[in-house]
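Open the model in your viewer and keep the sequence panel beside it. This tour tells you what to select at each stop and what is there.

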Amino acid sequence: QVQLVESGGGLVQAGGSLRLSCVASGRRFSSDAMGWFRQAPGKEREFVAAIKWSEGSTFYSDSVKGRFSISRDKAKNTVYLQMNSVQPKDTAVYYCNAGAYYFAYAPGTYWGQGTKVTVSS
């Protein structure tokens with residue numbers, strides 16, 4: 001069993017920054033890649049960013065490329081999402097996922113409980 005716990009969400013003004021964290025725990029935690037997704041009210045959950053756990057390659061959706069940055073700390077089993085120049089359209093609940101990356105990110109079974117980000121204009 002793997003547990004993913006997100007933190008760092010909150011209220012931020014447009015143009016500001018926020019850093020989300022996701023700590024993974026559980027016996028034999030091992031994942032090919034970790035990803036961040038978000039779900040805005042009334043919308044489908046969408047891919048935001050992913051990182052290959054071993055080599056650190058990163059991938060982003062077009063909507064956040066150049067503004068968000070994903071990173072990981074292997075020693076802490078933690079993945080981060082640095083959000084810069086946030087916009088009201090970034091308002092959503094952000095979820096962490098343990099999955100894999102082949103030609104695109106493939107979500108795995110385990111999801112965190114989500115952390116809410118609200119961007120005010």
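This is a predicted model: local features need pLDDT of at least 70, side-chain atom pairs count only at pLDDT 80 or more; totals for chains, interfaces and linings use all residues.

Select Val23, which is partly exposed, with a relative accessible area of 39%. Residues are numbered from 1 along each chain as its sequence is written, and side-chain values use heavy atoms, with hydrogens and water left out.

Val23 lies in strand S3. Strands (E, at least two residues) and helices (H or I, at least four residues) are DSSP runs, numbered from the N terminus. Now show what surrounds Val23. Leaving aside residues up to four places away in sequence, Val23 touches Gln3, Leu4, Val5, Lys76, Asn77 and Thr78. A touch here is a contact, meaning heavy atoms within 4.5 Å. Val23 and Ala40 are 17 residues apart in sequence and 22 Å apart in space.

**The disulfide**

A disulfide joins Cys22 to Cys96, with an S to S distance of 2.1 Å. The term stands for a pair of cysteine sulfur atoms within 2.5 Å, and by this rule the count comes to one. Why does the pair tie together parts that are 74 residues apart in sequence? Cys22 lies in strand S3 (residues 18-25) and Cys96 lies in strand S9, so the link joins those two parts. The torsion about the S-S bond is about -80 degrees, so the disulfide is left-handed. Are the two cysteines buried or exposed? Cys22 counts as buried at 1% relative accessibility, and Cys96 counts as buried at 0%.

Select Arg38 next, in strand S4. Arg38 is buried, with a relative accessible area of 4%. Side chains of opposite charge can pair when their charged atoms come close. In this tour, a salt bridge is a side-chain nitrogen of Lys or Arg within 4 Å of a carboxyl oxygen of Asp or Glu.

Arg38 and Glu46 meet in a salt bridge of 2.6 Å, N to O. Glu46 is partly exposed, with a relative accessible area of 35%. Arg38 also meets Asp90 in a salt bridge, at 2.9 Å, N to O. This second pair links distant parts of the chain: Arg38 is in strand S4 (residues 33-39), while Asp90 is in the loop between strand S8 (78-83) and strand S9 (92-101), 52 residues apart. Both Arg38 and Asp90 are buried.

The side chains of Arg38 and Ser63 make a polar contact of 3.5 Å. A polar contact is a pair of N or O atoms within 3.5 Å; within protein, one must be able to donate a hydrogen and the other to accept it, and residues adjacent in sequence count only if both atoms are side-chain atoms. Beyond residues up to four places away in sequence, Arg38 touches several others, including Val48, Phe68 and Tyr94.

**Another salt bridge**

Move to Lys65 and Asp62. Lys65 forms a salt bridge with Asp62, the closest N and O atoms being 3.3 Å apart. Lys65 is exposed, with a relative accessible area of 51%, and Asp62 counts as exposed at 67%. Now select Arg38, Glu46, Arg67 and Asp90 together: salt bridges that share partners join these four into one network. In the chain as a whole, the count comes to four salt bridges.

**The whole chain**

Finally, clear the selection and colour by secondary structure. How many helices and strands does the chain have? There are zero helices and eleven strands. Of the 121 residues, 41% count as buried. Among contacts with a separation of 6 or more, 52% come from residues 24 or more positions apart. The C-alpha atoms fill a box of roughly 45 × 30 × 25 Å, taken along the principal axes.

Key
Buried means under 20% relative accessible area, exposed over 50%, partly exposed in between (1.4 Å probe, protein chains only).
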